[in-house]
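Please read them alongside the structure.

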Amino acid sequence: MPITYVDEAVGSDETGEGTQELPYKSLAFAVYSGDGVDSVKYLIRKDATADYDEATQSALKKAKKGADGIQKKKKKAEELASREDNEKKAERERKEKLLEESKKIVLEEDPALPKATKTKIGSAAPHRGERVRVCGWVHRLRSQKDIIFIVLRDGTGFLQSVLSGRVAQTYDALTLTLESSVELVGVLKEVPEGKTAPGGHELVVDYWKVLGPAPGADDAFTNRLNEKSDPSILADLRHLVLRGETASSVLRLRAHLLTAFRETYISHNLLEVTPPCVVQTQVEGGATLFKFDYYGQPAFLTQSSQLYLETCLPSLGDVFCIQESFRAENSHTRRHLSEYTHMEAELAFITFDDLMTHIEAIICETVDKIVSQPGPAALLKHLNPDFKPPARPFRRMSYVDAIAWLNEHCIKHEKEDAEGNVVKDEAGNPIMVEHAVGDDIAEAAERQMTDIIGTPIFLYGFPAELKAFYMKKMPADKQEGNHVFTESCDLLMPGVGEIVGGSMRIADSEELLAAYKREGIDPEPYYWFTDQRKYGTCEHGGYGLGVERFLAWLANRYTVRECSLYPRWPGKATP
Ligand code: 4AD
């Protein structure tokens with residue numbers, strides 16, 4: 001007679017086979033799996049170290065009942081599985097049938113209904129209660145029973161739309177995907193009490209069509225891009241990232257910011273000019289110039305329009321420009337771009353103090369415009385809920401005082417040798433040293449200082465050797481030690497660091513010629529800039545503001561890359 005082993009301590013009903021090596025755990029399961037109690041001998045033990053005993057008659061009787069229970073349970077499970085399979089199949093067939101039938105439903109706009117007015121979502125509100133026609137992209141999509149909810153996006157806003165009845169039964173309705181472009185027509189209704197929707201209304205659709213379908217399955221929008229996507233993928237798919245709410249809000253705020261800056265400049269009597277990007281002179285040092293062949297001559301992409309703005313003063317008065325600048329810096333930091341939007345201004349017959357007061361006024365009045373207009377203020381609140389306009393006047397700190405401040409706060413910098421290489425200790429770590437007057441304040445130290453102080457700071461009076469050739473020297477009574485200090489200023493903002501660089505300019509042509517010489521610049525291509533001093537010179541000054549850095553500060557963005565439409569950084573010029 002075959003023997004079946006049951007070990008109640010270490011056996012298993014899942015993986016056991018009833019052998020001595022692989023015993024079952026329960027007698028009931030052993031009986032259920034066997035050919036019947038009369039044709040099998042059952043040996044059982046309770047303890048893995050004890051000997052096997054033959055199962056008693058009463059134990060076998062109990063096990064038979066247990067085996068019946070197992071049998072019933074199994075049958076039930078099989079029935080359930082088969083029912084589920086059938087249901088799934090029926091559902092699949094129902095959907096296929098529905099899809100097949102849906103092809104027969106052809107929507108036509110009812111000519112008996114009132115004529116629909118074409119509108120953008122942002123200007124739809126006055127049409128409440130009327131039929132409207134809106135085109136846009138499917139931003140969100142949800143079906144509930146036989147109703148389809150679409151949140152439509154057209155760049156001016158979001159519109160909740162409801163499709164029910166025949167309009168929700170077409171083939172296009174059943175196969176609609178996110179990011180498809182559609183035309184929706186229907187009555188714009190106020191949402192019922194207690195419900196919310198963008199703008200407080202929803203479109204009850206009576207006619208619609210797909211204008212451009214978006215793929216589903218593997219190539220679906222959400223498969224190409226989602227919150228978990230790697231930053232390098234997000235960079236390559238910037239064109240799709242821009243469709244998202246955060247990215248588009250940043251760019252929308254950027255547009256409002258530029259408008260507000262322009263309005264502020266106009267109210268200060270500055271005229272907008274558009275200088276060239278192709279230039280043959282440098283402004284901020286040869287090391288960061290993008291050079292190219294221009295009809296057989298060397299030319300550069302502009303680093304700054306400053307020199308051109310200076311030439312406008314005698315003809316147009318105070319001027320400003322908002323123009324792309326280019327810097328070939330191998331900097332991968334979160335505040336450097338290879339191409340950035342540079343807002344620059346130049347003012348005649350001013351003092352250094354006037355210059356800083358003007359920069360502060362332009363910034364504060366522009367921020368006031370943003371926070372006082374409902375649209376821009378809402379965007380700002382969404383992106384940077386804790387934003388508070390900075391208090392005036394901004395703190396002013398001389399370069400020499402900043403060096404002392406850094407040393408008082410034990411903020412050191414990397415030691416460099418005469419060639420500018422970082423000096424390291426035996427373990428290969430950079431040697432950190434105190435700051436001394438004459439040192440360039442590095443980005444890291446500058447940021448630490450700005451973040452500790454926590455308010456905007458004008459850092460002014462940098463040594464001439466650290467700054468560009470055109471900067472005016474401080475008056476003799478403000479000079480001290482071996483260094484020559486300039487009437488220059490950087491505006492530093494918490495979280496970002498330098499957002500503005502400005503200065504008074506050398507007004508005297510002899511002094512300017514000496515400055516070219518000191519910097520090893522050939523004065524010949526600068527003849528037009530020098531003429532500025534020759535034909536009625538004047539005391540003047542100006543500055544440049546990095547729009548992406550300003551926006552990163554305003555909207556609390558981690559990097560300037562988020563603040564540019566299509567950011568460029570070393571090695572990246574697509575999309
Ligand atoms: O301090 P910078 O180099 O000053 C000038 O170019 C002057 N010629 C401007 C003038 O006086 N008209 O640059 C001015 C500002 C910086 O404060 C910073 O905000 C921004 O331009 N900037 C950059 N922004 C992003 N990426 C870069 N690589 C930048 N370089 C400068």
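Which residues in α13 meet which residues in α14?

1. The model is a predicted one. On the α13 side of this pair the residues are Ser509, Leu512, Leu513 and Tyr516, and on the α14 side they are Phe529, Thr530 and Arg533. By class, the residues of this contact divide into 4 nonpolar, 2 polar and 1 charged.

2. Two packed helices are described by the angle between their axes and the distance between the axes. For helix α13 (residues 509-519) and helix α14 (residues 527-534), the axes come within 9 Å and cross at roughly 150 degrees. The cut-off for roughly antiparallel is over 145 degrees, so α13 is roughly antiparallel to α14.

3. Helix α7 packs against α9, and the axes of α7 and helix α9 (residues 352-372) come within 9 Å, crossing at roughly 130 degrees. That makes α7 oblique to α9. The crossing of α7 past α9 is right-handed. Residues of α7 in this contact are Leu253, His256, Leu257, Ala260, Phe261, Glu263, Thr264, Tyr265 and Ser267; they meet His358, Ile362, Glu365, Thr366, Lys369 and Ile370 of α9. Sorted by class, the contact has 7 nonpolar, 5 polar and 3 charged residues.

4. Helix α7 (residues 245-267) also meets helix α10 (residues 374-383): their axes come within 10 Å and cross at roughly 135 degrees. The two helices are therefore oblique to each other. Here α7 passes α10 in a left-handed crossing. From α7 the contact takes in Thr246, Ser249, Val250, Arg252, Leu253 and His256, and from α10 it takes in Pro376, Leu379, Leu380, His382 and Leu383. The residues of the contact of α7 with α10 divide into 6 nonpolar, 4 polar and 1 charged.

5. Which residues of helix α12 (residues 443-453) are buried? They are Ala445, Glu446, Arg447, Met449, Thr450 and Ile453. The elements they pack against are β16, α11 (399-408), β19, β20 and β21 (497-504). After α12 comes Gly454, with a positive phi near 75 degrees.

6. Is Glu487 buried or exposed? The relative accessible area of Glu487 is 9%, and the cut-off for buried is under 20%, so Glu487 counts as buried. Glu487 lies in the loop between β19 (457-460) and β20 (488-493). Leaving out residues up to four places away in sequence, Glu487 touches Phe352, Lys472, Lys473, Met474, Pro475, Ser503 and Met504.

7. Some backbone values deserve a look. Most residues other than glycine have a negative phi, and most peptide bonds are trans. Lys145, which is not a glycine, has a positive phi, near 50 degrees. Lys145 is in the loop between β5 (131-144) and β6 (147-153), and is exposed, with a relative accessible area of 81%. Asn269 is another residue other than glycine with a positive phi, about 65 degrees. Asn269 sits in the loop between α7 and β10 (271-272); with a relative accessible area of 66%, Asn269 is exposed.

8. Where the peptide bond is concerned, the one from Arg392 to Pro393 is cis, with omega near -5 degrees. Pro393 belongs to the loop between α10 and β16 (395-398). The peptide bond from Thr574 to Pro575 is cis as well, with omega near -10 degrees. Pro575 is in the segment after α15 (547-554).

9. On annotation, the unreviewed UniProt entry places the feature "domain: Aminoacyl-transfer RNA synthetases class-II family profile" at residues 251-567. Over residues 251-567 the chain is 34% helix and 21% strand. The end C-alpha atoms of this stretch are 12 Å apart.

Definitions and conventions
Residues numbered from 1 in each chain as written. Predicted model: local features only at pLDDT ≥ 70, side-chain atom pairs only at ≥ 80, totals over all residues. Heavy atoms only, no water. UniProt positions renumbered as here; feature names shortened; annotations may be inferred. Helix = DSSP H or I, 4+ residues; strand = E, 2+ residues; numbered from the N terminus. Buried < 20%, exposed > 50% of the residue type's maximum accessible area, 1.4 Å probe, protein only. Contact = heavy atoms within 4.5 Å. Axes fitted to C-alpha atoms, helices over the stretch in contact; angles between N-to-C directions. Parallel < 35°, antiparallel > 145°, perpendicular 65-115°, else oblique. Left-handed = near helix turned anticlockwise from the far one by under 90°. Nonpolar A, V, L, I, M, F, W, Y, C, P; charged D, E, K, R; others polar.
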